[in-house]
Amino acid sequence: MDELRKLFMAGIAAVKPQRLISECLSRNSKTLRVNSIQESHSCEMILPDKGVHLFGFGKAASEMMQATIEIIGNENIASGIALVPKQEEELFNYHNWENITTFFGAKGNLPDEDSLKGSQKALKMIEGLDSDDLLLVLISGGGSALFEIPVDGISLNEEVEIVNQLSRSGATIAEINTVRKRLSKVKGGGLARMCKGKIIALIISDVIGDHLDVIASGTTVCNKDSSNAAFDVLSKHNIDVSEEIMNILQQPVCRDEAFEHVFNFLVGSNWHLLTSIRSEAVKGNNLVFILSRGIKGEARSVGKAMMRMMIDLVKVETTCKFEFAEDLGIVLEDDLDLSASFTCTLNRLCRISMVSQKRFIILVGGETTVSVSGSGKGGRCQELSLSFLVEVARNMKADPELFKKFKATFLAAGTDGIDGPTDAAGAIVSCDLARHVPFEEAEKSLDNNDSYKFFTGLDSGKYHIKTGPTGTNVMDLLILLIDPIHSDYSCH
């Protein structure tokens, strides 16, 4: 278990804003150069004599701001505002900032009066810029909660209630942000629309597909949603809203804005995390395969599917019955929404693992959801790990001999260090744990969406992953390690 924890932390280190910003942003005297992780996308700009204006918001805002200031230099900063999560207030120690005002807010990852105050100050700064000014915008996941000013006709509390209902119904972040963009003055290109100066936006992605109009609800990107998109999301999840809000949602979307004064750069993503962990894991003489960087769906279902994938892989390679390969393809295609073509690669690597007695590590990135039906406390990663554990325990009872042929450990954790309304990033479980876990209690906790309490009470919380706020956010990480102990391998 310690090895998976170390791999997780190695991945976090690789996507820390200090590292990402230093790889994409550089200064040569008065010339600022930006490179994107996307191909052939870069720009150079002369620093204005009157200095650069900075605006950072999101879970990585403080570290992005610090890294940017170190490159540009305090002497070149005209003004700046940082909107930082409330959870980081006690950890905040960047006292060398000049001309930067920091606001802490969005407790519980939802807009509040503190974040609104900071957003209003930021908007005042942005609207006061002239055409010859340069604004660097530092955007990361969690920005939708930290930077928000509702459109006229809706209160902040009304918007928060809609977001809460969508979240509890299992809506994806893309769906939630589709609605947010229509209810906000600053989202869906609102920031870009209100700024007369040039904008360089450095963006760390926390969404599947790295779509810039979805990350932090696309403040510097034209809204690409259809006029009916927000209404369709609410209808899909049976969310009722007032007539006033319906009128707002039915207004046309301006989708053809060029925003020629805006230069958006993607500087970090889940792919950074996965490839860095792969590089670290192979040092331990492991076989490593990145299965997906876009896993989605119900956390409980994904946990069960990851367990079924593991079982089918081991069955193919220990029984020589290749009908289990067909079962694996079904799991990949139907349950994980992945291509069944991965079946051959997974089977080949698992076969090599069995023959060579090397461990096989499968890496997965993405972000699941939880449709809350119980009254418990937890987060998507903890629920996913608990689901995996429950299914292992269930299958272990049905086929104990199979589980004598291998060991397995599974980790699910959020890269921001905050999984749901808890102080845990996620949880780590294993087949060994499944042998003595209180099965009925685990099953009841899963049904009640009470994964946090379950893991807290299990061996004094030793299976929780607790990092505190990491200062970054590139979605979630799943690691499955399969360790073969079957020595009588006969499938060739």
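Residues are numbered from 1 along each chain as its sequence is written, and side-chain values use heavy atoms, with hydrogens and water left out. Because the model is predicted, local features need pLDDT of at least 70 and side-chain atom pairs count only at pLDDT 80 or more, whereas totals for chains, interfaces and linings use all residues.

View 1. Helices (H or I, at least four residues) and strands (E, at least two) are DSSP runs, numbered from the N terminus. Along the principal axes, the C-alpha atoms fill a box of roughly 75 × 55 × 40 Å.

**View 2. Of the 492 residues, 60% count as buried.** Buried means under 20% relative accessible area, exposed over 50%, and partly exposed in between (1.4 Å probe, protein chains only). The protein exposes about 19800 Å², of which carbon and sulfur atoms supply 46%; accessible areas come from the Shrake-Rupley method with a 1.4 Å probe, and for residues only the protein chains shown count as cover.

**View 3. Three strands form an open sheet in the order β1-β2-β3, with antiparallel pairing.** Two strands pair if DSSP finds at least two bridges between them. The edge strands, each pairing on one side only, are β1 (25-28) and β3 (42-46), and the twist averages 20° from one strand to the next. Strand β2 (residues 31-35) is joined to β3 by five bridges, and R33 has E44 in β3 as its bridge partner.

**View 4. Helices α2 and α3 accompany the sheet.** Helix α2 (residues 17-24) packs on the sheet and touches β1 and β2, its direction making about 50° with that of β1. Helix α3 (residues 61-72) lies across β1 and β2 and runs at about 20° to β1. Contact means heavy atoms within 4.5 Å; axes are lines fitted to C-alpha atoms, for helices over the stretch in contact, and angles run from 0 to 180 degrees between N-to-C directions.

**View 5. The structure holds zero disulfides.** A disulfide is a pair of cysteine sulfur atoms within 2.5 Å. C381 is in no disulfide, and the nearest cysteine sulfur, that of C431, is 19 Å away. C381 is buried, with a relative accessible area of 1%, and C222 is buried with a value of 10%.
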